[in-house]
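Take a walk through this structure, one stop at a time.

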Amino acid sequence: MLNKVRSSLYEKKDRATVAGIIINIVLIALALILSAEIIFSMRYTGIYVVNVSMTPTLTGANVIGYDNAGRPIADTSGDYVYIKTGAKPGYGDIVVVYRPDVGDNIIKRAVAFGGDRVQFIDGWLYINGEKQEEKYISDEYRTAANNLYYNYPANGEHHTVEKGKVFLLGDNRNHSDDSRRYGDYDLKNVLGVVPAWSVRFKKFTTAMHAFFYFKLRGRTTAEIPAENILLTA
């Protein structure tokens, strides 16, 4: 009888020990996930792409109207990607830039920096006299018309980028308000760079964002903070 009691106590103690270990493992895992989330959010910011200027690299949501503050109200068809905040852009990087004169953010590709000479010849971009292959642009988005769209600079002429500034272009050259129209942008207004992995996994991050924000929380793009909306026209 005494042996049975002891056996029962040992079994309960073993179960309690196993349960304690499982609870500790779960708590440690949650702590690690929370820490990773905090570290990630300190380095990266999620943004929702609106409009068509970065097609075909990024899909922008369709603008269906504007709210009272002038912010675009869009559907949920756009890509959701991350930017590494404070990162220094390089040639060919997709960047997010704040426009202080307008008060919004845009997403474009950095193609030239201070001192570089920019030319457009028959639909092709030249930097310092060297033809840029730009494999991220398909032929349907690269036509001779794109270097006459805003006439800045005119076909064959060159423009020298000012010091401390960057020349920005949308990948959809026929439908992009960029440096061809507005000139060079200040590097100090570059908020960050879209890392290659974010573009590569955009379908996954977009699906996760749509699930948690648009479905579970019933939010619309009009309710996303303005700094996370990118009007890419």
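Which residue lies over the face of Tyr136? Arg109 does, at 3.5 Å from the ring centre. Keep in mind that this is a predicted model.

A pair of aromatic rings is described by the distance of the centres and the angle of the planes. Searching the whole structure gives five aromatic pairs. Phe120 and Phe167 make up a tilted pair. Their centres are 6.4 Å apart, and their planes are at 45°. Find Phe120 in strand β7, residues 117-121, and Phe167 in strand β11, residues 165-169. The two are 47 residues apart, so the pair links distant parts of the chain.

How accessible are these two residues? Phe120 has a relative accessible area of 1%. Phe167 has 0%. Buried means under 20%, so Phe120 is buried, and Phe167 counts as buried too.

Aromatic residues also gather in a cluster. Tyr44, Tyr80, Tyr82 and Trp197 form it together.

The last stop is Lys188. Look for Lys188 in the loop between β12 (185-186) and β13 (190-194). Is Lys188 buried or exposed? Its relative accessible area is 71%, and exposed means over 50%, so Lys188 is exposed. Tyr98 is 90 residues from Lys188 in sequence. In space, the two are 9.1 Å apart, C-alpha to C-alpha.

Note on methods. Residues numbered from 1 in each chain as written. Predicted model: local features only at pLDDT ≥ 70, side-chain atom pairs only at ≥ 80, totals over all residues. Heavy atoms only, no water. Helix = DSSP H or I, 4+ residues; strand = E, 2+ residues; numbered from the N terminus. Buried < 20%, exposed > 50% of the residue type's maximum accessible area, 1.4 Å probe, protein only. Phe/Tyr/Trp six-rings, centres within 6.5 Å; stacked < 30°, edge-to-face > 60°. Lys NZ or Arg CZ within 6 Å of the ring centre and 35° of its normal.
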